[in-house]
Amino acid sequence: MVYSAPRLLAVPFAVLALGCGSESEPPSQPETANPDTVATGPAAPFNWGSATPESQGMCGSTLQLGCTTTLDQIWTAISDPRHNTKRFVVIRNDKVIYDRGSNEPYFSYSASKGLLGAPTLVYAMSKCGVGLRDPAARWLGHGEGARWSTESPWKDITVEHLATHTSGICDYGNSGTPCGDQNPDWQRAFDIANGGGDEHVYPDDAFTIARMQAEQNAEPASPPGTIYEYSNVGHALLNYVVQRACSQSLADIFDQGIKQPGMGSPINPALIHTDGGQQFNQSAGTAMWNALDGAAVLRLAGRLGIWDNRNVEPVRYWREVTKVEGNLPAAQSSNRGVIFEINSSDTWTQVPGYRRLSPETFGHGGNYSTLFLNDPLTGTIVVRQGENNADGASYLTLNGCAPGWTGSAPRCEEGTDWSNNWDVAGGELGGSRVGPRKMIVEPLQQAFFFPPPFC
């Protein structure tokens with residue numbers, strides 16, 4: 001059955017009574033999503049409410065109505081030591097209905113691209129004159145990055161190409177010949193410097209290395225925008241564009257321009273000392289997030305920038321980073337929009353006939369298993385984080401070894417076996433990245449018995 005919102009009149013009152021029993025809470029006062037609303041005074045801090053799963057149309061511990069699984073069953077499966085999920089939070093209609101570890105900050109890895117990278121890009125588009133179709137050379141083509149203004153394909157790469165992983169820029173994990181034929185050691189140097197700190201300062205900082213030495217990993221080079229290849233290097237360059245355009249670090253942009261009462265901040269995003277004496281951040285994966293703070297960012301994005309009747313940057317810019325249609329075809333075909341992953345082709349559903357989250361669902365994962373996901377249509381946000389290797393990272397592993405490696409931890413050897421402890425196998429990184437998340441999200445979809453706003 002394809003999941004869709006039924007009409008209110010088609011739902012019998014008896015069903016409503018089952019879902020809205022004595023444990024349910026009075027309905028929240030609806031908010032007016034008017035982008036022109038002007039605040040008349042300081043807002044009280046936002047707080048997530050709490051409710052039972054059943055009061056919000058999901059099954060917590062007992063199957064009823066249309067559920068084929070419960071949240072307890074999902075938690076039992078994914079918290080098994082073999083999968084080792086440490087945090088699992090489900091929110092519906094601004095109410096936390098299932099909470100395992102929401103108040104403990106943890107490394108979100110690449111999920112921070114969506115939590116810090118996306119909203120700061122929105123700010124840059126609104127306040128700092130950045131356009132998605134602008135050539136990235138406008139901000140990258142100076143000093144050591146002069147080739148961005150004069151040489152192909154660099155002068156043809158746009159901000160949108162960087163934001164959608166369609167620039168063709170090599171990632172530091174790409175070992176193909178075209179990625180190392182000019183500067184063989186640049187990827188390792190970038191990887192190390194990307195952690196920031198006082199040991200990796202200009203000109204040995206990640207941003208300068210990326211502007212000077214990043215390769216295009218198609219041979220012959222494909223025009224920017226024609227291929228999708230996930231690139232942390234490309235995203236770091238996007239971070240640089242945003243910060244150079246706004247003359248502020250990502251952390252300052254977030255705290256001063258995005259963060260609202262009731263939202264928390266990322267913890268310790270990498271501090272990178274780059275050219276011009278600037279101290280910038282990257283959002284590619286070093287920051288820690290509290291689960292509910294990250295969920296609050298997704299709430300803001302899902303409401304297109306409306307926070308308690310206040311407009312945090314114009315709606316049109318938020319729509320650019322959360323839209324389902326109109327993205328570059330090369331990104332769209334890989335279920336990518338502008339920074340966020342999108343659900344336009346059932347990205348997170350693998351069994352035919354299963355319920356699905358809406359096509360508007362968007363979010364970002366990190367380190368193969370961490371997940372921050374928002375379905376605005378059903379008012380559902382889900383967060384998951386696991387720890388599967390000796391370093392406390394969230395890799396989905398085979399015997400404690402990272403995907404693509406063989407053996408048993410701590411003796412892991414580079415190999416070609418992409419299977420992992422979710423029994424998901426594939427010949428490419430995407431098989432390891434997306435498949436395990438489906439095994440979390442798909443059962444969640446089956447825990448619905450009717451959508452809001454009945455309770």
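At roughly what angle do the axes of helix H9 and helix H10 cross?

H9 covers residues 206-213 and H10 covers residues 232-246. Their axes come within 10 Å, and the crossing angle is roughly 110°. That makes H9 roughly perpendicular to H10, since angles of 65 to 115 degrees are put in that class. The handedness of this crossing is left. On the H9 side, the contact is made by Phe207, Ala210 and Arg211. H10 contributes Val233, Ala236, Leu237, Asn239, Tyr240 and Gln243. By residue class, the contact of H9 with H10 has six nonpolar, two polar and one charged.

Helix H3, residues 112-127, and helix H12, residues 291-302, have axes that come within 10 Å and cross at roughly 40°. H3 is therefore oblique to H12. This crossing, too, is left-handed. Where do H3 and H12 meet? From H3, the residues are Gly114, Leu115 and Pro119; from H12, they are Gly294, Val297 and Leu298. Four residues of this contact are nonpolar and two are polar, with no charged residue in it.

Now the aromatic rings. How many aromatic pairs does a search of the whole structure find? The count is twelve, and I will show one of them. In the pair of Tyr106 and Phe372, the ring centres are 6.4 Å apart and the planes are at 15°, so the pair is stacked. For reference, the cut-off on the distance between centres is 6.5 Å, and planes under 30 degrees apart count as stacked. Tyr106 sits in strand E4, residues 106-107, and Phe372 in strand E12, residues 370-375, so the pair ties together parts that are 266 residues apart in sequence.

Last, confidence. The average pLDDT of the protein is 83, and 80% of the residues score at least 70. Which stretches stay under 50? One is residues 1-40, where the model has 48 contacts beyond four places in sequence. Another is residues 427-433, with 15 contacts beyond four places in sequence. Where pLDDT is low, the predicted coordinates should not be read in detail.

How values were computed: Residues numbered from 1 in each chain as written. Predicted model: local features only at pLDDT ≥ 70, side-chain atom pairs only at ≥ 80, totals over all residues. Heavy atoms only, no water. pLDDT = per-residue confidence, 0-100. Contact = heavy atoms within 4.5 Å. Axes fitted to C-alpha atoms, helices over the stretch in contact; angles between N-to-C directions. Helix = DSSP H or I, 4+ residues; strand = E, 2+ residues; numbered from the N terminus. Parallel < 35°, antiparallel > 145°, perpendicular 65-115°, else oblique. Left-handed = near helix turned anticlockwise from the far one by under 90°. Nonpolar A, V, L, I, M, F, W, Y, C, P; charged D, E, K, R; others polar. Phe/Tyr/Trp six-rings, centres within 6.5 Å; stacked < 30°, edge-to-face > 60°.
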